[in-house]
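Try each task yourself, then go through the solution one step at a time.

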Amino acid sequence: MGNAQSPPADPRFASATRAFTPHELDDLKLFFVSLAAQSQSKGDYISSSVFQAYFGLKGPLGERLFDLVTQKRKDNKLSFEDLMIAKSVYEKGTKDEIDEFVYQLLDITDDGILGRSDLESVLIVILKSVFSLKVKEDGSSSCQDVANVFLNAATFSKDVQGAAEKSMSFEDFRGWCSLLPSVRKFLGSLLIPPDAGRPGSQVPHLVHGENIDPNMILLRKEYAWHIGGALSQQELEEWKLLYHSAVNGLSFNTFLGSVSNGEGPTVLIVKDKEDCIYGGYASQPWERHGDFYGDMKSFLFQLYPKASIFKPTGANNNIQWCAANFSSENIPNGIGFGGRVNHFGLFLSASFDLGHTFTCTTFGSPSLSKTSRILPEVIECWGIVQKGVQQEKQDALKVTVLERFKEDRHMLNMVGLANSSE
C-alpha cells in the first residue's frame, strides 16, 4: 500500500545513474549517507546547513546552489535522487548544460534578472572562500574592491520589461566567463569536495626577496589567482619575482639578465602613469629575436581597473617579441605581445620608459590602458616555477651524465686504459 502511494521515480534519475561508473555510484552513496547522518534525518536527506557547511559555501551562493539542486522545492531536503540528477548535469553534462546551470546559479534572487548586485554577491562569496577574507569592523569587506574589478569586465545587455536595470544575457555570461577563467573554474566545481585541489581555488605562492617591500609589489594574490585561471595545475604552485623596476632599475638589459636565469614561463606586469595595471603571460623565455616567436599558450591580461584575460584567437602567430641592439626601424628594440611591428597589443621600448598598447587581433584584446601611448611607472616580471618539470630535467641530466660515464668507461676498457693508474 505504501509503495502504491509513493511518488513515481523521476525519469531523469535513471538517466543520471548511467552517467557514472559503478565505483563512482558507490562513492556517491557513501557520501550521501555520511551527510544525511549529520543532518539527523534518519538517512533520508541532507539539510541545507550541512550541505553548505561541507562544500564551504555560506551565504547567498550556497543557498542558491542548494535551491537548484533540490529543484526549488523549498523543503530543506536534498534527496539522493536530487544529488544524482544535479551532479549528472553539473559535472557530466555538455558544455551548454553546465553553462546553463551556472547561469541560473548566478541569479541569486531567482527573479529572472541577472544584475550587477547578483554578481557582486557571488564574487564576494568566492573571494572569501578562496582567500578567507574577513569583514572589517566598519562592516565593509576587504574583498569589495577586488569584486568591483571583476565586475567591471561584465556586460549587461538584456532589457527586462518593468526592470530598472539591464540583465546579463546568456551570451553576456559566456563572454564574462571567457574573460575570467578563474571565476568560471570555481563556479563549475562547487559540487566537488573542497580540498586543496578543487578547481578554481588554487592560488600560486608568491616568493620575493627580503629586500622587496611587499607594498611595492603589483601582483596581489587575488590578481595571481585571476591570471592562474588560464594556466595548468603545475603552473600554480610557486611564482618567483625575477625583476622589479624599483629595485633593479628601469633597464632593458638588466631585465633580460634577470629573467634569463629562469627557463620556464614568465608573467610580465606593468603599471602605467594612468594607474592602469596589465601585462602578459609569456610561455617562452625572453630571448633576442629579429621577428615574432612563441606559441599559443601565451596571453594578455588586465588587472586594474578591470580584470580580463585575452587568449590567442588564431588570427596570426605574432605572439612574443624580444629585440635588442637592432639598428633597423623595422625591428624595434624592446619586448612585446601580439599585433604587428610598431602596432603591438602590448610593447615596452628598450628604454623601458615608453610603450604602447593597441587593439590586437592576435589576442582579440582592446587597448589595455586608457590611452594607446603608455608611460610605465612600475614593471615586474615573475618566473613560474614548475617543480615537476624541473625535477624531470634534473633526472634526465643525471641519466645523461651516467650514460656518458658508462660510454667513456667502455671506451677506456677497450683500449686497456681504464685501470692503467693501478
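**Exercise 1.** At what angle do H3 and helix H4 (residues 48-55) pack, and how far apart are their axes?

*Solution.* Keep in mind that this is a predicted model.
- Step 1: H3 and H4 pack at about 120 degrees, and their axes are 9 Å apart.
- Step 2: Check the hand. The crossing of H3 past H4 is right-handed.
- Step 3: List who meets whom. From H3 come Phe31, Leu35 and Gln38, and they meet Val50, Tyr54 and Phe55 of H4.
- Step 4: Sort the residues of this contact by type. You get five nonpolar, one polar and no charged.

**Exercise 2.** Now do the H3 and H6 pair: what is the packing angle, and which residues make the contact?

*Solution.* 
- Step 1: The angle between H3 and H6 is about 135 degrees, with 11 Å between their axes.
- Step 2: That angle makes H3 oblique to H6.
- Step 3: H3 passes H6 in a right-handed crossing.
- Step 4: On the H3 side, the contact is made by Leu25, Leu28, Lys29, Phe31 and Phe32; on the H6 side, by Phe80, Leu83, Met84 and Lys87.
- Step 5: The H3 and H6 contact splits into seven nonpolar residues, no polar ones and two charged ones.

**Exercise 3.** Why does helix H6 (residues 80-90) count as largely enclosed by the rest of the structure?

*Solution.* 
- Step 1: Count the buried residues. Nine of the 11 in H6 are buried, so the helix is largely enclosed.
- Step 2: Name them: Phe80, Asp82, Leu83, Met84, Ile85, Ala86, Lys87, Ser88 and Tyr90.
- Step 3: Look for the cover. Helices H2 (11-17), H3 (22-38), H5 (60-69), H7 (95-106) and H11 (181-187) are among the elements that cover those buried residues of H6.

**Exercise 4.** Is Ser48 buried or exposed, and which residues does Ser48 touch?

*Solution.* 
- Step 1: Find Ser48 in helix H4.
- Step 2: Use the cut-off. Buried means under 20% relative accessible area, so Ser48, at 14%, is buried.
- Step 3: Skip residues up to four places away in sequence, and Ser48 touches Phe66 and Asn76.

**Exercise 5.** In what order do the strands of the open five-stranded sheet run, and which are at its edges?

*Solution.* 
- Step 1: Read the order, which is E7-E8-E9-E10-E11, with antiparallel pairing.
- Step 2: Pick out the edges. Strand E7 (320-323) and strand E11 (373-374) each pair on one side only.
- Step 3: Zoom in on one pair. Strand E9 (residues 343-349) and strand E10 (residues 355-356) run antiparallel and are joined by two bridges.
- Step 4: Find a partner. Phe347 has His356 in E10 as its bridge partner.

**Exercise 6.** Where is Asn330 found, and is Asn330 buried or exposed?

*Solution.* 
- Step 1: Asn330 sits in the loop between E7 and strand E8 (334-340).
- Step 2: Exposed means over 50% relative accessible area, so Asn330 is exposed at 60%.
- Step 3: Leave out its neighbours within four places in sequence, and Asn330 is in contact with Trp321 and Val341.
- Step 4: Compare sequence and space. Asn330 and Val341 are 11 residues apart in sequence, and their C-alpha atoms are 7.1 Å apart.

Conventions
Residues numbered from 1 in each chain as written. Predicted model: local features only at pLDDT ≥ 70, side-chain atom pairs only at ≥ 80, totals over all residues. Heavy atoms only, no water. Pairing = 2+ DSSP bridges. Helix = DSSP H or I, 4+ residues; strand = E, 2+ residues; numbered from the N terminus. Buried < 20%, exposed > 50% of the residue type's maximum accessible area, 1.4 Å probe, protein only. Contact = heavy atoms within 4.5 Å. Axes fitted to C-alpha atoms, helices over the stretch in contact; angles between N-to-C directions. Left-handed = near helix turned anticlockwise from the far one by under 90°. Nonpolar A, V, L, I, M, F, W, Y, C, P; charged D, E, K, R; others polar. Parallel < 35°, antiparallel > 145°, perpendicular 65-115°, else oblique.
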